[in-house]
Amino acid sequence: MLMKEYRICMPLTVDEYRIGQLYMISKHSCEQSGGGEGVEVVRNEPDMHPQHGPGQLTEKRIYLSSKLPSWARAFVPRFFYVTEKAWNFYPYTITEYSVSFLPKFSIRIETRFENNNGDNNNVFGDKPTPKESVSFLDILSDPIPEKHYKEPEDLSRWQSSKTGRGPLEDGWREDTKPIMCSYKRVQCSFEVYGFQGRTEEFIHKNIRDILLVGHRQAVAWIDEWHGMSLEEVREYERELQEKTNSKVKSSQSNTALLAASRPALSRSISVTDERSLKRMGVTTAAMSDPATSSLPQTPIRLNSTPE
């Protein structure tokens, strides 16, 4: 299991980011959906925890076959999805990811938000993360995939008309006010001989890119969400969830119809390949719907239910 702690600072307060995070996730999910891929919201409902109090439980299916490396695509069905289950007890959240046909795959992300510049070395209150496992991500200067770059989201050129904040400059994390930090402890595991190392590294690389893009967008879009109430951003969330679900399902229906109209040249797994996959802990049965879940306990093992 590979564990890292990411720290991402933003020129916001924790109270502000409660709205900005919900807005950013909804808009980003909608933008990234289409062509048979994207995010489908399965449920989004209130939840209660004895320690963390009232919160929200969200379950999503994330379709992303084309985003897998070529060596991994041979193992997945046409409409591959990961299930995300997130418990939002703001300013503390838990997110877990699983894939039904990969029982030895798991991701767990614990997040805590604080009004500081990332200097809390024991933010989760159990034990400090080793220094070599801590990565500071800079939303101003760290590179993101070229396909995600948009000039309006370039924080070296950004300025908020509502708040007067921006643009960010080198060394901004040391003297910018307000400032907050998103602390994320990420544990990922893919216990399959011959695949573990590169799969876990691939997962962390993608998580890093997602965190950078998402937090940049939350800041860059501040004039769109600043001043919204929690009730207003929840309504916006519901509207975009319906739109996003519609985009994903429509694209998948079109893809399925196109595939059905073609000659039968579909790929299948041979008996030999199937036996090899089973030895690796990979099953080839169709993915089942996620089971009803409750707040996970630590340590966690995500079995055959899917981000």
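Predicted model: local features only at pLDDT ≥ 70, side-chain atom pairs only at ≥ 80, totals over all residues.

Author: Here is a quick tour, from the overall fold down to single contacts.

Reader: How many helices and strands in the protein?

Author: There are 7 helices and 8 strands. Both are DSSP runs numbered from the N terminus: helices are H or I with at least four residues, strands are E with at least two.

Reader: And how much of the protein is buried?

Author: Of the 307 residues, 50% are buried. Buried means under 20% relative accessible area, exposed means over 50%, and partly exposed is in between (1.4 Å probe, protein chains only).

Reader: Tell me about α1. Which residue is the kink centred on?

Author: The kink in α1 is centred on G20 and is about 25 degrees. That bend is the angle between axes fitted to the seven residues ending there and the seven starting there.

Reader: What does the end-to-end span of α1 look like?

Author: Helix α1 covers residues 14–31, and at 1.5 Å a residue its 18 residues should span 26 Å; the end C-alpha atoms are 25 Å apart, which agrees. The expected span is 1.5 Å times one less than the number of residues. As for cover, 13 of the 18 residues in α1 are buried.

Reader: New topic: how many aromatic pairs does the structure hold?

Author: It holds 5. One of them is F105 with F190, edge-to-face, at 6.4 Å centre to centre and 70 degrees between the planes. F105 is in strand β6 (residues 105–114) and F190 in strand β8 (residues 180–190), so this pair links parts of the chain 85 residues apart. For the cut-offs, rings of Phe, Tyr and Trp (its six-membered ring) pair if their centres lie within 6.5 Å; planes under 30 degrees apart are stacked, over 60 edge-to-face and the rest tilted.

Reader: Are F105 and F190 buried or exposed?

Author: F105 is buried at 9% relative accessible area, and F190 is buried at 7%.

Reader: Which residues form the aromatic cluster?

Author: Y17, Y90 and F113 form one cluster. Y90 also turns up in a cis peptide bond to P91, with omega near 15 degrees. P91 sits in the loop between β4 (81–89) and β5 (92–98).

Reader: Where is P178, and what joins K177 to it?

Author: P178 is in the loop between α3 (172–175) and β8. A cis peptide bond joins K177 and P178, with omega about -5 degrees. In general, most peptide bonds are trans.

Reader: What does the charged end of K27 sit over?

Author: The ring of W221, 4.2 Å from its centre. To count, NZ of Lys or CZ of Arg must be within 6 Å of the ring centre and within 35 degrees of the ring normal.

Reader: Last one: how is S246 placed?

Author: S246 lies in helix α6 (residues 230–260) and is partly exposed, with a relative accessible area of 45%. The C-alpha atoms of S246 and E40 are separated by 8.5 Å, though the two are 206 residues apart along the chain.

Definitions and conventions
Residues numbered from 1 in each chain as written. Heavy atoms only, no water.
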